[in-house]
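Subject: Structure for you to look at

Hi,

Here is the structure I promised to pass on. Please open it and keep it beside this email as you read.

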Amino acid sequence: MIVRSSQSDVFSRRKTAVILFFIIIGVIFLIRLYYIQMIDHRYKIYASSNVQRVITDYAARGLIYDRNGELLVYNEPYYDLMVIPRQVSNIDTLEFISLLGITREQFENRIQAATRYSRFKASVFERQISKDTYAYLQEKLFRFPGFYVQPRTLRKYPYAMAAHLFGYVGEAGPSVIENDPYYRPGDYIGISGIEKHYEEILRGHKGTRIVLVDALNRDIGPFQDGRYDTLAVTGTDLYTSLDYKLQLYGERLMQNKRGSIVAIEPSSGEILALITSPGYDPNLLVGRIRSQNYRNLQADTLKPLFNRALMANYPPGSVFKVANFLVGLQEGGINNHSRYSCPGFYRSGGITVRCRSHPQPVNVLSAIQYSCNTFSCIQFRNTLELPRFGSMQEALTTWRNHLMSMGFGRRFNSDLPYELSGLLGSADYYDRIYGTRGWRALTVISLAIGQGEIGTTPLQLANLAVTVANRGYYYTPHIVKAIETPDNLNPEFLERHYTTIDSVHFEIMAEAMYETVEAGTGRFSRIPDIPFGGKTGTVQNPHGENHSAFIAFAPFDNPKIAISVIVENAGGGAAWAAPISSLMIEKYLTREVKRAWFEQRILDAEF
Amino acid sequence: MGTQSDFFKKLDKTTILTYLCLVVIGWISIYAAEINDHHESIFDFSQSYGKQFVWILTAIVLGVIILSIDVKIFPTFAYLIYGVGIISLIAVLLFGTTVNASKSWFHIAGVAIQPAEFVKYATALALARIIYDNKSRVRDFKSLLKPAAIVALPVLMIFLQNDAGTALVFAAFVTVFYREGFISGWLLILGIAAVFLFVLTLLMNEFYVIGGLTALFLISTIFLRKKPSVIKQLFLVLIVINAYVYVVDYVYDEVLQPHQKMRIAVLIDENIDLRGAGYNLHQSKIAIGSGGLWGKGFLEGTQTKFSFVPEQGTDFIFCTIGEEWGFAGSFVLISLFVFLMVRIILLAERQRSVFSRIFGYSLASVLFFHFLVNIGMTIGLVPVIGIPLPFISYGGSSLWAFTIFLFTFLKLDSKRMELL
């Protein structure tokens, strides 16, 4: 066929067919829509029985055990009453508020707050409803569409101890939610301690379920047979290195005192007990009572939230002589045969450091045994003034590096909460204070006896005892021994850290510490049948009574425990810190304390 | 300035107004479908509704550009644009990204572009040009060869991208062949019937189809009892059709191995997962059906929120409209679409230039095909095939392509007195 011109083309009638077809399809659609929207009421019924509710199945956090498998932290179920504002309709408000024991105003406010957060997503309407309310609500809930009960768990601690170590769990804050897609509002997260450090292991994995709920607020089964559901995976259990009996005992010994105890197993770096006093009951920082209790603890003048074992920055006092002597022996400032007589003081260049009376003359061993300040000052000065060192800066840097290799002046970066580094002044630090040429060995002589510009944490001191016990190395002190099973050792802390001091020098110090306990300043704290090494310290405190300090390792051969004890404002190290150490050692090694009067004296003491 | 106001006077403002209505309805519907609690502003650019706003603004800018360029460009560069389109299809096959098993996207500077959407437009231009160039005005099967090849080439390439839904849209160009006299109405009806029966047979038990057809035949014999010869012919047709249905079903059920069936299903469209699609359809019908006469109100839909029917803002956008605005809203939307398509046909018919007319028919047909398949699937009249609802569904490529398509036609229409 031939078309002559486009205007009069013979097929133009076909436009009618096309237009008609368009219109017919449109009409068919409208008829169909009229049918499903206006006539067929099935869809409205389906829709009302097709309200999907996304329910989060919170995973129970992993349990926490002590080194012998004693349960220390577990979970207790509780229930949150949730509301989805847009699904709330036609409820008997009066009955509802009397059920929960809230006022009408509270009800309105909470609904408003929930609506502000989201009309479509669930908000917590009432936190941690009691079991009775839950049982009662469960029966009546179908009359309150939009409300449902969300089971959750809270931490529970059978022993009120080691609160700082466990840390606590709370709702994830906005910044966490912003940065980590795992967390949603209302999720729990470990905020401090083990709960924080091992959050990803402990938290497990929450699951989500989508359930269909009918118009009567009843669960009518999983959406699409659970195709989109994910199962909650319970968190992994942790085995701490704590010995809960030792921990409890330590906390008992430290009652009515301020200070700390750190006990470590030298052969692994596992913390057996870590006590900071005053402490608090970890059950206080759980659930709805947490914020109020936290405020109370924060306001407490004794600072129970402050973890002295890891954060207190005490000058170490005489216990630090052990570390100084090790440096001196290594660098050659003194040796095994050095002997000096002590006139009861060290005096040089207008500076006087007093000592007490003890047998004469002193060598390396007896200087530790009797804690001779004179010998300590001489050896410290000898070491810093060794001709090998071109300058004071070089000498001090060498000294400092040795100490840092023992764990002083820095953090261990362990799994412990809020560990501080203490203070170990560098050459630059003294240059800034005194000028580059403005200081010499005498300027910093107080460091010889662990006083002055030096700060160590009780953890660092315990680690010094560990290092002597091991004759020259340590493992990073840590609190979690194993993950999931008692045999699956925490892989983070299996590495030995050697100090820069030769082990022969440690032999000398170990011997000296043994003598200290046998016949020196610590003899009062000897344990029958358990030979051990220790060193007393009395930390001069310009603000009040001196602090009592002691480090020890026991038994002398094949040590099982290394310990540091500091009791604030208690006086001499031999009087309080040493006996406490002695009791802890006895408790740990023999599982019972036979020296009742010795124990009672400590329990009765108050500082 | 005189020419400026002249220019606007000649534009079909009714069509532009309809276009703007649809685009705004789309934007609001995307917002209603995809609003989430952390991003409640419709201008939140991290969300699809915020992005759609940007797409709409840029689309309007594109429309204005199209209106302001020389109309001669379109016929002159028709083949060039078509060529660029084909090259982009090749390029996307080689360098594109795979989304939902279809390798049909370019990701450039964070923006996903689907060339196939624009190729519909390019094909319409080339098709209009090639028929326009056929000065002999001969309309037979032989002369259909070249125009058919223009359509077939992109179809083939889009099939290779595994995007059968989009490829299917090119079937719309049959309307143009019909209007221009290349094929007869009977052939068209036969073709539609064959497709209809094919789909019906795959979706239903073949005995229902054969039974239904036989019943239809028996009913018609009552009316045609005075014309036995017609009955005889109809009987033959019935046998042929029933044989066709049986063969389609037999081949599908018996001859093909399961994995080959899957391939066919994928060939039809990878979204035709017969079980999954059935579920989606059910959800979709519940959403629309629960809307009633006036709907549940803006943002009050329960079925389209938190629903696990995928593509809430794109392919299943009509669910949100049906649920929240009810039959009244659906009526308005369908009326707007039918009005727009009919108006484009009427405008096409007033063109002096064959090029413009064919282009207009292409536009109306492609729009219609999308309308038919998209809304049809949400109300259970058409199998689930994932193609967007023009101007409404979320997506920049689709909106841009249809805007360019529509505004090119408006430009051609405004110059209808100058083009021959």
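Start with A:Tyr418, which sits in the loop of chain A between helix 16 (392-405) and strand 15 (423-424). This is a predicted model, so bear that in mind throughout. A:Tyr418 is not a glycine, yet its phi is positive, at about 45°. Is A:Tyr418 buried or exposed, or partly exposed? Its relative accessibility is 48%, so it counts as partly exposed.

B:Phe391 is not a glycine, and its phi is positive, at about 70°. Look for it in the loop between helix 16 (354-378) and helix 17 (396-414) of chain B. B:Phe391 counts as buried, because its relative accessibility is 1% and the cut-off for buried is under 20%.

Next, two peptide bonds in chain A. Most peptide bonds are trans. The bond from A:Ser277 to A:Pro278 is cis, with omega near 0°. A:Pro278 belongs to the loop that runs between strand 12 (270-277) and helix 11 (290-299) of chain A. The bond from A:Gln360 to A:Pro361 is also cis, with omega near -20°. Find A:Pro361 in the loop between strand 14 (351-354) and helix 14 (364-369) of chain A.

Now chain B as a whole. It has 17 helices and three strands. Of its 420 residues, 54% count as buried. Its accessible surface is about 18,400 Å², and carbon and sulfur atoms hold 72% of that. Take the contacts in chain B between residues at least 6 apart in sequence: 72% of them join residues at least 24 apart.

Last, a helix pair. Two packed helices are described by the angle between their axes and the distance between the axes. In chain B, the axes of helix 2 (residues 13-34) and helix 15 (residues 317-349) come within 10 Å and cross at roughly 155°. That makes the two helices of chain B, helix 2 and helix 15, roughly antiparallel, because the angle is over 145 degrees. The crossing of helix 2 and helix 15 of chain B is left-handed. Which residues meet there? Helix 2 of chain B brings, among others, B:Thr18, B:Leu22 and B:Ile25. Helix 15 of chain B brings residues including B:Leu336, B:Phe337 and B:Arg343. The residues of this contact between helix 2 and helix 15 of chain B divide into 14 nonpolar, five polar and two charged.

Best wishes

Terms used. Residues are numbered from 1 along each chain as its sequence is written. Chains are lettered from A and ligands numbered from 1 in the order in which they are written. This is a predicted model: local features need pLDDT of at least 70, side-chain atom pairs count only at pLDDT 80 or more; totals for chains, interfaces and linings use all residues. Side-chain values use heavy atoms; hydrogens and water are left out. Axes are lines fitted to C-alpha atoms, for helices over the stretch in contact, and angles run from 0 to 180 degrees between N-to-C directions. Helices (H or I, at least four residues) and strands (E, at least two) are DSSP runs, numbered from the N terminus. Angles under 35 degrees count as roughly parallel, over 145 as roughly antiparallel, 65 to 115 as roughly perpendicular and the rest as oblique. A crossing is left-handed if the near helix is turned anticlockwise from the far one by less than a right angle, and right-handed if clockwise. Contact means heavy atoms within 4.5 Å. Ala, Val, Leu, Ile, Met, Phe, Trp, Tyr, Cys and Pro count as nonpolar, Asp, Glu, Lys and Arg as charged, and the others, Gly among them, as polar. Buried means under 20% relative accessible area, exposed over 50%, partly exposed in between (1.4 Å probe, protein chains only). Accessible areas come from the Shrake-Rupley method with a 1.4 Å probe; for residues, only the protein chains shown count as cover.
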